[in-house]
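Have a look at the sequence and the 3D view, then read on.

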Amino acid sequence: MIPLVYDQINRWSKDDEFFLALLKKLNIKKLADLGCGTGRLTSHFAKVGYHITAVDPNEEAIEYAKSKEYPSEVSWIVGDSSNLKSNAFDAVIMTANVAQVFLTDKSWQLAISDVYRALKPGGHFIFDTRNPLAKTWEQWEKDLTPDVAMDPISGEQLEIWTEYEGFVEDVYTFYETVKNARTNEVLIHEKMELKFRTQEEIDDSLQRAGFSQIQVYGDWEFKQATAKTNSFIFHSVK
Ligand SMILES: C[S@@+](CC[C@H](N)C(=O)[O-])C[C@H]1O[C@@H](n2cnc3c(N)ncnc32)[C@H](O)[C@@H]1O
């Protein structure tokens, strides 16, 4: 996650609409946005009146999020799932594949156990994650052109180049480099790692944490996921 360019290369989209629609349908009042990043969705949630706690270990991303609209409506926490209050939320969400940043089974299981603890009885846990069977990385690796963004301070054009290392053990690894397009100066170089878990693995882990009524939607439609969908959206209940 590179806060300087993240919002510019991750625009509001149907996945964000999906989360908003599902929360509305469930009549959620108190919400936690775990792995909120730059607060892309958080400020929308605050705008439409949710009582929201937003958590992320990336301090720079939280500072950026606070510079958006409605910052005082949100309880911001630089931290992780262990910082969530117990029995406090009607829903916890993790958007834009936060689930894939937990690289080990232990860290994943710990995080979802924290989410279970943080939810009120009957509370909802909603998150998306990419389907390993869809092999999305094969599409990524074909795209050899940089993303472009603008430096918000200097107004200069930036290029974001991605180098794909592929799977190292069972973790997909790539590097993002942000350059000044005019001078070619490297401003940021960051390693990114993603864990791809199967639908069955996630299902098992949710049950182990205590969740039930597990539903899996596919590709931002309120339809059951299939083996071919690119994204799974898991919805389970405490
Ligand atoms: C792809 S971004 C998604 C940000 C945001 N949810 C969105 O929709 O734009 C993944 C986020 O997960 C955060 N993250 C990394 N490790 C985490 C952890 N242990 N607990 C919670 N969030 C974490 C990163 O800092 C980053 O902001």
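## The ligand and its shell

A polar side-chain atom of Thr95 sits 2.6 Å from an oxygen atom of the ligand, a polar contact in the sense of a pair of N or O atoms within 3.5 Å. Taken alone, the ligand exposes 590 Å², and the protein buries 84% of that (areas by the Shrake-Rupley method with a 1.4 Å probe). Before going further, please note that this is a predicted model, in which local features need pLDDT of at least 70 and side-chain atom pairs count only at pLDDT 80 or more, while totals for chains, interfaces and linings use all residues. Residues are numbered from 1 along each chain as its sequence is written, and side-chain values use heavy atoms, with hydrogens and water left out.

The side chain of Asp56 places an N or O atom 2.6 Å from an oxygen atom of the ligand, and a backbone N or O atom of Gly35 is 2.7 Å from a ligand nitrogen. The ligand is surrounded by 16 residues, each with a heavy atom within 4 Å of it; Tyr6, Gly35, Arg40, Asp56 and Thr95 are the closest. By class, the shell holds 9 nonpolar, 4 polar and 3 charged residues, with Tyr counted as nonpolar and Gly as polar.

Strand 8 (residues 171–180) and strand 9 (residues 186–195) run antiparallel and are joined by 9 bridges. Strands here are DSSP E runs of at least two residues, and helices are H or I runs of at least four; two strands pair if DSSP finds at least two bridges between them. Thr177 stands opposite His189 in strand 9. Between the strands of this hairpin lie 5 residues, and Asn184 takes a positive phi near 70°.

## Salt bridges

The model has 9 salt bridges, each a side-chain nitrogen of Lys or Arg within 4 Å of a carboxyl oxygen of Asp or Glu. One of them joins Lys66 and Glu63 at 3.7 Å, N to O. Both lie in helix 4 (residues 59–66), 3 residues apart, about one turn of the helix.

Asp105 and Arg197 form another, with their closest N and O atoms 3.8 Å apart. This pair links distant parts of the chain, 92 residues apart: Asp105 is in helix 5 (residues 105–118), and Arg197 is in the loop between strand 9 and helix 7 (199–209).

Notes:
A polar contact is a pair of N or O atoms within 3.5 Å; within protein, one must be able to donate a hydrogen and the other to accept it, and residues adjacent in sequence count only if both atoms are side-chain atoms.
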